[in-house]
Amino acid sequence: MNNEMQTNKREENVPEKLAQRATVVPAVDVFESKDELLILADLPGVTKDKLEIHFAKGQLTVEGHLDDFAPEEVPFDYRRTFTVPQGIDAERISAQLQSGVLRLVLPKPAALKPRMIEVKAG
Amino acid sequence: MLTRFGDIDRTFTAMDQLRRRMDRLFDEYEPARGRDALRGNLADEAERSLFRGRFPRLTLSDAGSSLLLRAEVPGLSEKQLQLAIHQDVLTMSGERSPDAPEGYVVHRQERTPIKFGRTFTLPCKVDPEKSSATLKNGVLTVTLAKAPEAQPRQISVKAG
């Protein structure tokens, strides 16, 4: 009897969960050159107005909402989060969406670019 | 030559583990993604296995007088896609041009393959003359008009 009373109490304290849309992780390619990081993401069916890109605390989150589903389909959104190296400037991140492919360019600040260290004969 | 129960049990456990590891292996290679991952309408395991792990992901639904096919083909243009219909067999093929920039280090590459082809049997015969296809935002929508003999027909119920 004690167990029963305990579980009831626990259920009352847990807050109501909001109904959330299922999310699907889109396929991505990540490339790096000495000047920039390039992310290509497959987001078929997503248009510019349904795309959200957040960058906070070194985490870049891409979210694409879809609204065209057949009646028997389960609706979902595309969502993926990336950890980006420190020092990437949010202001200089550029995004391009074409044919359902998102192209994100993250220019590297001077501090992250590889530097040649000269070796002087001593 | 008695077979001990313990041995049989261990054999089946081992086979079970092997099967599970093989399943995981395929999942890692190409995890269910996109519309496939949440397909609620294809309850048939056989049908589902047809679509798993293939590019492009697609859904096929029945819209009464036509079949509606939607395929996810991000990054492709009309020129790179071919659709062929023969009676009730549909073949979708194409080539996705690689967009990996030269001289870049590859950290992750999930957007494959480059050349693809898929063939499957439609639930009924379709009329290619009356079918159309549009490509928008990386989604190909094909409306396949059902052949006259496959159209749904009303059967009137007479009071007896």
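Reply:
**L43(A) and its surroundings**

If neighbours within four places in sequence are set aside, L43(A) is in contact with P26(A), G64(A), Y78(A), G100(A), L102(A) and, from the other chain, P74(B). Contact here means that the C-beta atoms of two residues, placed from the backbone, lie within 7 Å. The model is a predicted one, in which local features need pLDDT of at least 70 and side-chain atom pairs count only at pLDDT 80 or more, while totals for chains, interfaces and linings use all residues. Residues are numbered from 1 along each chain as its sequence is written, and chains are lettered from A and ligands numbered from 1 in the order in which they are written.

L43(A) belongs to the largest nonpolar core, which has 18 residues. A nonpolar core is a set of buried Ala, Val, Leu, Ile, Met, Phe, Trp, Tyr and Cys residues joined through C-beta atoms within 7 Å. Buried means that 20 or more other C-beta atoms lie within 10 Å of the residue's own; with 12 or fewer it is exposed, and in between it is partly exposed, the C-beta atoms being placed from the backbone. The residues with the most contacts inside this core are V28(A), I39(A), L40(A), A41(A), L43(A) and L102(A). In chain A, β3 (36-42), β5 and β8 each supply at least two residues of the core. Apart from it lies another core, of 14 residues, with L60(B), L69(B), M92(B) and L140(B) among them.

A27(A) sits in the loop between β1 (22-24) and β2 of chain A and counts as buried because it has 21 C-beta neighbours inside 10 Å.

The elements named here are DSSP runs numbered from the N terminus: helices are H or I runs of at least four residues, and strands are E runs of at least two. Chain A has one helix and eight strands, in the sequence pattern α-β-β-β-β-β-β-β-β. Of its 122 residues, 21% are buried. Among contacts in chain A with a separation of 6 or more, 53% join residues 24 or more positions apart.

Next come the strands. Two strands pair if DSSP finds at least two bridges between them. An open sheet of five strands runs in the order β7(A)-β8(A)-β3(A)-β2(A)-β5(B), with antiparallel pairing. Its edge strands, each pairing on one side only, are β7 (94-98) of chain A and β5 of chain B. Neighbouring strands of this sheet are turned by 15° against each other on average, direction ignored; the axes are lines fitted to C-alpha atoms, for helices over the stretch in contact, and angles run from 0 to 180 degrees between N-to-C directions. At one end, β7(A) pairs with β8 (residues 101-107) of chain A over five bridges in the antiparallel sense, and Q98(A) stands opposite V101(A). At the other end, β2 (residues 28-32) of chain A meets β5(B) over four antiparallel bridges, with Q109(B) as the bridge partner of D29(A).

The contact between the chains involves 30 residues of chain B and 26 residues of chain A. On the chain B side, the elements giving two or more residues are β1 (58-62), β2 (66-72) and β5 (105-109). β5(B) gives the most, five residues. This side has twelve nonpolar, eleven polar and seven charged residues, where Ala, Val, Leu, Ile, Met, Phe, Trp, Tyr, Cys and Pro count as nonpolar, Asp, Glu, Lys and Arg as charged, and the others, Gly among them, as polar.

G64(A), one of the contacts of L43(A), is in β5 (residues 59-64) of chain A. The covered face of β5(A) holds L60(A), V62(A) and G64(A), and the uncovered face holds Q59(A), T61(A) and E63(A). β5(A) pairs antiparallel with β6 (residues 76-83) of chain A over six bridges, and R79(A) is the bridge partner of E63(A). Six bridges also join β5(A) to β4 (residues 51-56) of chain A, again antiparallel, with A56(A) opposite Q59(A).

The hairpin of β4(A) and β5(A) has two residues between the strands. K57(A) in that loop takes a positive phi of about 55° although it is not a glycine. Most residues other than glycine have a negative phi. K57(A) counts as exposed because it has 6 C-beta neighbours inside 10 Å.
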